[in-house]
Amino acid sequence: MFFVALRDSIRYPVVWVAAAVYAVLDVVQLLLSLQGETFFSVRLLVIEYLILPFLLAGTYGVLRDEDASIRHFGAGGVENYFRVLLPGIVLAFFAVVILVLLLLPLSIMGAGLSTDLIAGAALALMIPVLFFSFLYDTAACFEGLGVFDSLRRSFALVLAHLWEVIVFILTILALLLGLAFVLLVGWTTILFEQLSPLASLPAGELATFGPGQLAAMIGTPGLALSALFYWLYIVVSFVLVTTGKARLFRSVAEATPPEPQGTYDEKGRYYRY
């Protein structure tokens, strides 16, 4: 599925352009963070999160209608922007509320809320939430659904095609980890001389070795190479995930059509639209 999706993506250069734009923003934000420019990096991160729904909506619009024009990409991004953004906000709000409700009794009873406990509880909560909402953005863009309808549609599709979705997620994780490994090997090979002092550092210094020290060690050329490799990873990941999810959604949506919508009259009779 993924290799077919990547092959198909070649017909839609605008999808690669969207991936490149997002990757540039991500790289710049990361470089600002490494340089300690927290003021700018945090604001750029917010801009990233606000632009991402537009890029996703535009990409899914192109893949849905098989129209690779920039005009169609922009129209799809504008049309479905809030359909992608708002469910994400709802999910985040829901996760925060549930996390607070889980941790509040422990806090009242005087139990210590360590960072590890909070992180573990957040992870245990987010995994099922993200899993069952995995297809909400494709449902919103491909079927024009609203906030809660897209979430319900995603839940129904994931539940009906549980193993297919699990295999898809595990496969894409394996591919992304494989890509990261290949790029890391290439990065280490090219910067071997700059990185060789790490082998002679004591264990105590290695434990406190931070990104800023690494950036100083590899220098400006190494930092530029790192940014290039990271940019390439984000571009391929964006294209792989979006095109793969589009094909997955088409497959499961055809097998599980949405329930017909309708309304009830004053006598309780149901009428389809």
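Colleague: How many residues line the largest pocket, and which lie nearest its centre?

Modeller: The lining has 32 residues. Leu 52, Leu 56, Leu 130, Asp 137 and Lys 245 lie nearest the centre. A pocket is an open set of points on a 1 Å grid over the protein atoms alone, where a 1.4 Å probe fits, with protein on both sides within 12 Å along at least five of seven lines; lining residues have an atom within 4 Å of a point. This is a predicted model, in which local features need pLDDT of at least 70 and side-chain atom pairs pLDDT 80 or more, while totals for chains, interfaces and linings use all residues. Residues are numbered from 1 along each chain as its sequence is written, and side-chain values use heavy atoms, without hydrogens or water.

Colleague: How much space lies in the largest pocket, and which elements give two or more residues to its lining?

Modeller: About 1,200 Å³. A volume is the space filled by probe spheres set on the points, which are joined across faces, edges and corners. The elements are α2 (13-34), α3 (38-65), α5 (81-108), α7 (136-143), α9 (162-190) and α12 (211-255). Helices are DSSP runs (H or I, at least four residues), numbered from the N terminus. The largest share of this lining comes from α3, with 9 residues.

Colleague: How does the lining of the largest pocket divide by class?

Modeller: It has 24 nonpolar, 4 polar and 4 charged residues. Here Ala, Val, Leu, Ile, Met, Phe, Trp, Tyr, Cys and Pro count as nonpolar; Asp, Glu, Lys and Arg as charged; the others, Gly among them, as polar.

Colleague: What volume has the second largest pocket, and which residues are closest to its centre?

Modeller: Its volume is about 430 Å³. Of its 18 lining residues, Leu 30, Trp 187, Ser 226, Ala 227 and Tyr 230 are closest to the centre. Helices α2, α9 and α12 each give two or more residues to this lining. The largest share, 10 residues, comes from α12. By class, the lining has 17 nonpolar residues, 1 polar and no charged.

Colleague: How many residues of α7 are buried?

Modeller: Buried means under 20% relative accessible area, exposed over 50%, partly exposed in between (1.4 Å probe, protein chains only). In α7, 7 of the 8 residues are buried, so the helix is largely enclosed by the rest of the structure. They are Tyr 136, Asp 137, Thr 138, Ala 139, Ala 140, Cys 141 and Phe 142. Just after α7, Gly 144 takes a positive phi of about 65 degrees.

Colleague: Which side chain meets Asp 137 in a salt bridge?

Modeller: Side chains of opposite charge can pair when their charged atoms come close. A salt bridge puts a side-chain nitrogen of Lys or Arg within 4 Å of a carboxyl oxygen of Asp or Glu. By this rule the count is 4. Asp 137 pairs with Lys 245, at 2.9 Å from N to O. Asp 137 lies in α7 and Lys 245 in α12, so the pair ties together parts 108 residues apart in sequence. Asp 137 and Lys 245 are buried.

Colleague: Which residue forms a salt bridge with Asp 149?

Modeller: Arg 152, with the closest N and O atoms 2.3 Å apart. An α-helix has 3.6 residues a turn, so residues three or four places apart point the same way. Asp 149 and Arg 152 lie 3 residues apart in helix α8 (residues 147-160), about one turn. Asp 149 is partly exposed at 31% relative accessible area, and Arg 152 is exposed at 52%.
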